[in-house]
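Thanks for coming, everyone. I'll take you through one structure, piece by piece. Have a look at it first.

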Amino acid sequence: MISRQDLERLIQRQDGGKPVLSLFLDMSVDANNKRNHHVFLGQKRAQFEELEGNRPISTGNGSESGMGTLLERVVEWIDNNFDESNRGLVIYSEVGGDWWEALQFPVPVQNRLVVADRPVIGPLAQVLNAYEHYGVILMDREHVRILSVYLGTLLDELEFRGDPIAPTSNHHVQAGGYSHKRFQRHKLEEMRHFFKDFAEEVERFVARYQPQHLVLMGTDQNVAKFKEFLPQPVADLIIHTGPAPVDGPAREILARLEPHLAGELERESQALLEQVRDRAAHDYLATAGLQGTLTALQEGKVDTLVLARDREQQGARCTQCGFVFVRDVTRCPYDGSEQLEGVDVMEEMVRLAQQQGADIQFADANAIADLRGAAALLRF
Ligand SMILES: [Zn+2]
């Protein structure tokens with residue numbers, strides 16, 4: 001599993017002075033239930049062999065890059081450590097060095113291999129952006145079940161049963177007449193008592209797991225009643241309610257919720273893009289386009305960054321002042337330095353946004369073609 005902390009750690013990694021391999025593998029299975037990552041790995045291996053003049057590259061002579069050995073280690077790692085339930089994998093490793101880190105998760109990523117001076121983190125940011133952390137609350141009048149769901153996968157499950165309160169007399173078990181009324185009153189009192197306890201459990205769950213959203217499942221009547229017991233900040237997290245059996249298998253419940261949650265994420269994304277477009281049209285606290293957005297980021301102004309998914313963009317960084325330029329510059333306009341190095345601008349933007357605590361949203365490249373690949377809501 002991966003989290004924002006992984007991004008943070010990778011950004012802050014000390015440069016080990018060796019080139020870094022970033023390998024993203026789509027580990028989803030095809031119609032025949034087979035994985036095809038070895039095709040991509042084979043192609044890359046062949047490319048490196050060709051680059052190195054058709055010498056076998058895993059023989060260990062001094063002039064080879066060490067890529068052959070590294071790709072062998074990748075295959076071996078997958079054979080021994082890959083969890084078959086996962087669909088995405090990223091491996092970071094120093095070429096000819098010690099650093100090795102593998103992250104696997106239940107959602108696919110696009111195949112990609114990059115060797116650069118730093119780990120590539122953009123695709124990880126995309127995965128994190130495409131899924132949010134949800135709490136799914138399943139409840140009836142006797143118990144509540146809380147599922148912690150991240151990247152579409154069940155991470156944790158909690159269950160609480162109400163502690164029955166002692167009836168005021170034994171007559172309540174008899175049906176009809178006075179006792180029946182009394183029984184109903186007792187049941188109502190018990191429900192309030194349970195719902196109050198359940199609401200506290202939900203509050204505790206929110207405080208501990210910090211889900212971005214909640215889903216509340218139960219009969220309409222129970223859901224409406226239960227909401228009254230939730231503190232407003234917790235109730236505000238609810239983005240979807242609907243009926244579901246409290247004891248249903250988690251996998252089925254999550255599968256049924258999936259389209260609702262995907263729809264909600266899509267609505268949020270559309271609302272953001274509308275806001276960006278509206279502000280950009282009025283030239284009010286927004287940028288559109290790679291250079292304008294990059295400049296705003298470097299000035300620390302960005303509140304929310306919007307980037308085209310799976311895009312790469314060559315640019316340059318001045319090694320003297322650190323500024324990044326989208327255009328091919330031969331000389332830094334700020335300090336005149338000619339010491340420029342090539343960088344992927346999209347990657348630089350993800351790093352800057354993450355370091356500044358700005359939100360990052362990815363959108364389909366075609367859907368934001370009018371924003372020219374990047375845009376942002378600004379803080380000032
Ligand atoms: Zn400079």
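Let me start with one term. Two strands pair if DSSP finds at least two bridges between them. Now take strand S8, residues 213-217, and strand S9. Four bridges join S8 to S9, and the two run parallel. One of the contacts to look at is Leu216, whose bridge partner in S9 is Thr241. Keep in mind that this is a predicted model.

S8 and S9 belong to an open sheet of five strands. Read across, the order is S7-S6-S5-S8-S9, and the pairing is mixed. Which strands sit at the edges? Strand S7, 153-161, and strand S9, 238-242, with each pairing on one side only. On average, neighbouring strands here are turned by 15° against each other, ignoring direction.

Next, the four-strand sheet. It is open as well, with the order S3-S2-S1-S4 and antiparallel pairing. Strand S3, 100-105, and strand S4, 112-116, are the edges. Each has a single partner strand, so one side of each has no neighbour in the sheet.

Let's walk through its pairs. Strand S2, residues 88-94, is joined to S3 by six bridges, running antiparallel. In that pair, Ile91 stands opposite Ala102 of S3. S1 and S2 are also antiparallel, over seven bridges. There, Leu25 faces Leu89 of S2 across the pairing. On to S1 and S4: five bridges, antiparallel again. Val20 has Ala116 in S4 as its bridge partner.

How much of strand S1 is buried? Six of its seven residues, 20-26, are buried, so S1 is largely enclosed by the rest of the structure. For scale, 28% of the 380 residues of the protein count as buried.

Two packed helices are described by the angle between their axes and the distance between the axes.

First up, helix H2, residues 37-51, and helix H3, residues 67-81. Their axes come within 10 Å and cross at roughly 165°. That angle makes H2 roughly antiparallel to H3. The crossing of H2 past H3 is left-handed. Who makes the contact? From H2, Leu41, Lys44, Arg45 and Phe48. From H3, Met67, Gly68, Leu71, Val74 and Val75.

Now helix H1, residues 4-11, and helix H4, residues 122-130. These axes also come within 10 Å, and they cross at roughly 165°. H1 is therefore roughly antiparallel to H4. Their crossing is left-handed. Arg4, Asp6 and Leu7 in H1 meet Leu124, Ala125 and Leu128 in H4.

Let's step back to the whole chain. The protein has 10 helices and 16 strands. Is it spread out or compact? The radius of gyration is 27 Å, well over the 21 Å that the globule rule gives for 380 residues, so the protein is more spread out than a compact globule. Along the principal axes, the C-alpha atoms fill a box of roughly 95 × 55 × 35 Å.

One more number, on contacts.

The five-strand sheet has mixed pairing. The four-strand sheet has antiparallel pairing. Comments are welcome.

Terms used
Residues numbered from 1 in each chain as written. Predicted model: local features only at pLDDT ≥ 70, side-chain atom pairs only at ≥ 80, totals over all residues. Axes fitted to C-alpha atoms, helices over the stretch in contact; angles between N-to-C directions. Rg over C-alpha atoms; globule rule 2.2 N^0.38 Å. Buried ≥ 20, exposed ≤ 12 C-beta atoms within 10 Å, placed from the backbone. Parallel < 35°, antiparallel > 145°, perpendicular 65-115°, else oblique. Left-handed = near helix turned anticlockwise from the far one by under 90°. Contact = placed C-beta atoms within 7 Å.
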